[in-house]
Amino acid sequence: KDAKEQGNLLYKCCIFLLEAEAGVLGQKLGARVDDMLKRGMLAELEDLYASYEYKPQGIFKAIGVKEFADAFGREGQVASKDSREKKIEEALEEMKKNTEKLAKKQRKQMRRWLKREEISHHTIDMTSGGGVDTVTSLAATVTDFLQAPEVVVRGSEEIVQWRAYHCTPCQRTLHGPQEWEEHKNSKAHRSSLKRASLSSRTETCEFLSESNTVCIKYT
């Protein structure tokens, strides 16, 4: 593939974008939550809330956990047995809604990224759940990708963007020419040069191909 098809990816990739109609996507995500419920999700949640103090941060903000705060305890207050069943039902519905909302957001972000970076990809319609024909098509696409003779060669300008620059006086590694230039002009860098009595010496660069690093030395 040419540079435009490959976009800003560091490596040559075979990308599949799985799509499904909105109504079908919601049903499939809901079914997944129901399956998690059958596999003991509630017992794990109850144990989690019983073992740790509830705080609206970290794991307690994750989808599939935060929705059950009222059912299993919020700020040390545990729901009564009479109200717990209802709260669990409400939490499950909220979990399904939040999961579908996240899936739509991720799909939108992925589409936007692929379009913006002009990255070649294959869209697969999974509305019907796929099948033998879909799997066969995917396998053929992957086989063609792996056997393709062309090799992506990145230009020297692109390679430079990924180089690491090591500053010996400061003992710091900077990534990319922009970060390196900002570091060279910083007060901390100039102070390091002064302390090391290197301010009057000549700066040279040595490119280490095995690590793709430019080592800054002073002679």
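Reader: Which element gives the most to the lining of the largest pocket?
Author: H5, with four residues. Bear in mind that this is a predicted model.

Reader: Which other elements supply at least two residues there?
Author: Strand S1 (16-19) and helix H2 (22-38) each do, alongside helix H5 (81-116).

Reader: And which residues line that pocket?
Author: Leu17, Leu18, Glu19, Ala20, Leu25, Lys28, Ala103, Gln106, Arg107, Met110 and Met126.

Reader: How do they divide into nonpolar, polar and charged?
Author: Seven are nonpolar, one is polar and three are charged.

Reader: What volume does the largest pocket have?
Author: About 220 Å³.

Reader: Switching to the core. Which residues touch the most other members of the largest nonpolar core?
Author: Tyr49, Phe68 and Phe72, in a core of 16 residues. Helix H3 (41-51), helix H4 (69-72) and H5 are the elements that give two or more residues to this core.

Reader: Take Tyr49. What is it in contact with, leaving aside neighbours within four places in sequence?
Author: Tyr49 contacts Tyr54, Phe60, Val65, Lys66, Phe68, Ala69, Phe72 and Gly73. In soluble globular proteins, nonpolar side chains tend to be buried together.

Reader: Now the whole chain. How many helices and strands?
Author: Nine helices and six strands. The chain has 219 residues, and 27% of them are buried.

Reader: What about the accessible surface?
Author: It comes to about 15,300 Å², with 51% belonging to carbon and sulfur atoms.

Reader: And what share of contacts with a separation of 6 or more joins residues 24 or more positions apart?
Author: 54%.

How values were computed:
Residues numbered from 1 in each chain as written. Predicted model: local features only at pLDDT ≥ 70, side-chain atom pairs only at ≥ 80, totals over all residues. Heavy atoms only, no water. 1 Å grid on protein atoms, 1.4 Å probe; cavity = no way out; pocket = protein on both sides within 12 Å on 5 of 7 lines; lining within 4 Å. Points joined across faces, edges and corners; volume = space filled by probe spheres on them. Nonpolar A, V, L, I, M, F, W, Y, C, P; charged D, E, K, R; others polar. Core = buried A, V, L, I, M, F, W, Y, C linked by side-chain atoms within 4.5 Å. Buried < 20%, exposed > 50% of the residue type's maximum accessible area, 1.4 Å probe, protein only. Contact = heavy atoms within 4.5 Å. Areas by Shrake-Rupley, 256 points an atom, 1.4 Å probe, with all protein chains shown as cover.
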